[in-house]
Amino acid sequence: MVKYLKGAMMNDILIALAKASILTALHQPADLNLSEVLARYPKLEEKGASFVTLTKGEEERLRGCIGSLEAWRPLYKDIISNARAAALEDSRFTPLRKEELPQIKVEVSILTRPKEVDYTDREDLKKKIRPGTDGVILRHWFHRATYLPQVWEQLPDFDLFFLSLCEKAGLEKNCLDRHPTIQVYQVRKYKEK
């Protein structure tokens, strides 16, 4: 799995990769030579998990967010696929139109491998989750949902965060009472300026 990629240049490369994927999906010209990028940054060919988040306008309203929780394909392919899906396939939104492109900002998050949290009850879990640092995956039977660590910015309260995550998973608001499986991961975030 890809270790954290560092530097301002890497920020630019990952954003360019995601944007080129979106432009191509919208039948617009994309100025990115993938062969050159991979030759210069061979770590992008290692397996990695990513999320691509699109926001719109000055207030940066969510416009799409799709990702992978496990590293199962080369990172560059994961970013390309998730960028396209965030633009066109996020079921919460209509597909992105080319007219919206000037208002769209792209963020790429590279995930660490998820680790299961061993907890006894809600209070114990509260002690083990690090708001603002941990992304959370909640699973119960066939229900599953995740929030990236960035979601803590909108939902900084533990109870509200998990109430919303339970609802996102299609479960009742107090689903923590059922003792779902909880995993945490961290991200390195690359954001378009």
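A polar contact is understood here as a pair of N or O atoms within 3.5 Å, where, within protein, one atom must be able to donate a hydrogen and the other to accept it, and where residues adjacent in sequence count only if both atoms are side-chain atoms. The structure is a predicted model, in which local features need pLDDT of at least 70 and side-chain atom pairs count only at pLDDT 80 or more, while totals for chains, interfaces and linings use all residues. Residues are numbered from 1 along each chain as its sequence is written, and side-chain values use heavy atoms, with hydrogens and water left out.

The secondary structure of the protein chain consists of five helices and eight strands, where helices (H or I, at least four residues) and strands (E, at least two) are DSSP runs numbered from the N terminus. In sequence order, these elements follow the pattern α-α-β-β-α-β-β-α-β-β-α-β-β. The C-alpha trace spans about 50 × 35 × 30 Å along its principal axes.

Among contacts (heavy atoms within 4.5 Å) with a separation of 6 or more, 71% join residues 24 or more positions apart.

Two residues illustrate the local surroundings within strands. Y185 is found in strand 7, which covers residues 181-185, and Y185 is buried, with a relative accessible area of 0%. The side chain of Y185 makes a polar contact of 2.8 Å with the side chain of T146, and a polar atom of the Y185 side chain also lies 3.2 Å from the backbone oxygen of Y147. Although Y185 and L111 are 74 residues apart in sequence, their C-alpha atoms are 6.6 Å apart in space.

T53 is found in strand 1, which covers residues 49-56, and T53 is likewise buried, with a relative accessible area of 11%. When its neighbours within four places in sequence are left aside, T53 is in contact with L62, G64, C65, K105, V106, E107 and L148.

Methods
Buried means under 20% relative accessible area, exposed over 50%, partly exposed in between (1.4 Å probe, protein chains only).
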